[in-house]
Amino acid sequence: MKEIDSRRSVRKYQVKPIEKEKLDQILESARLAPSGSNTQPWHFIIVESEEMKEKLAAADHNQHWMTTAPLFIVCVADSRSRLPETEHVVLDEHSPEPELKQIIRDTAIAIEHILLEAEHLGLATCWTAWFEQKDVRPILGIPEDKYVCGIITLGYGDETPNQRPRRALSEMVRYEKW
Ligand SMILES: Cc1cc2nc3c(=O)[nH]c(=O)nc-3n(C[C@H](O)[C@H](O)[C@H](O)COP(=O)(O)O)c2cc1C
């Protein structure tokens, strides 16, 4: 609960590199995430070059603040974990394949592990996803049968945002029936 409570989306970072052991531990937390039928559809691309960060931020609705983070983790869901023949399948925001929902669901769990483990290690993150597949995939050479679920900024935070509002439990919890 401690990290769940203290985590914030941080949009300003210090110019301070991330220790390799910390990055490895964050990635390990994602590796251990649960997934439907244990399919583990996730892949992670670590991006540190200024050139690539600039391109990704531009494709991600020109969110230039992202480039203050020393590192991005691009989180990709792989349809091959569920569909054997996807070489010629193009997955995007409009794809009807039910498997797409499953791989996005599972990769989202792994991403939340990343956010919480980063918080545990004193690092800050922001999940960003204000992009279209067609704009992000070519930058990193990601095949069209893979789906980018988020670009996570990671670094030491340089702002301490207040807790953002949440709906009350009484609005979302029901007992015994809808
Ligand atoms: C799937 C997803 C996509 C998001 N995309 C963006 C984004 O593109 N840019 C951004 O600044 N924040 C983005 N956010 C962060 C949300 O705005 C943030 O989680 C929400 O306002 C609650 O604030 P908190 O994370 O500090 O609790 C995203 C969050 C999620 C879960």
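Which residues surround the ligand? They are Arg 8, Ser 9, Arg 11, Gln 63, Cys 126, Trp 127, Thr 128, Ala 129, Trp 130, Gly 150, Pro 161 and Arg 164, where a residue counts if its C-beta atom, placed from the backbone, lies within 6 Å of the molecule. Keep in mind that this is a predicted model: local features need pLDDT of at least 70, side-chain atom pairs count only at pLDDT 80 or more, and totals for chains, interfaces and linings use all residues. Numbering starts from 1 along each chain as its sequence is written.

**Around the ligand**
- Strand S3 (residues 124-128) gives the most to this shell, with three residues; strands here are DSSP E runs of at least two residues, helices H or I runs of at least four, numbered from the N terminus.
- Sorted by class, the shell has five nonpolar, four polar and three charged residues, with Cys, Trp, Ala and Pro counted as nonpolar, Arg as charged and Gly as polar.

**The sheet**
- Four strands make an open, antiparallel sheet in the order S1-S2-S4-S3, pairing being at least two DSSP bridges between two strands.
- S1 (42-47) and S3 sit at the edges, each pairing on one side only.
- From one strand to the next, the twist averages 25 degrees (axes are lines fitted to C-alpha atoms, for helices over the stretch in contact; angles run from 0 to 180 degrees between N-to-C directions).
- Antiparallel strands S2 (residues 71-78) and S4 (residues 146-155) are joined by eight bridges.
- Val 76 has Val 148 in S4 as its bridge partner.

**Helices on the sheet**
- Helix H4 (residues 98-120) packs on the sheet and touches S1, S2, S3 and S4, its direction making about 10 degrees with that of S4; contact takes C-beta atoms, placed from the backbone, within 7 Å.
- Helix H5 (residues 133-140) packs there too, touching S1, S2 and S4, at about 70 degrees to the direction of S4.

Note on methods: Contact = placed C-beta atoms within 7 Å.
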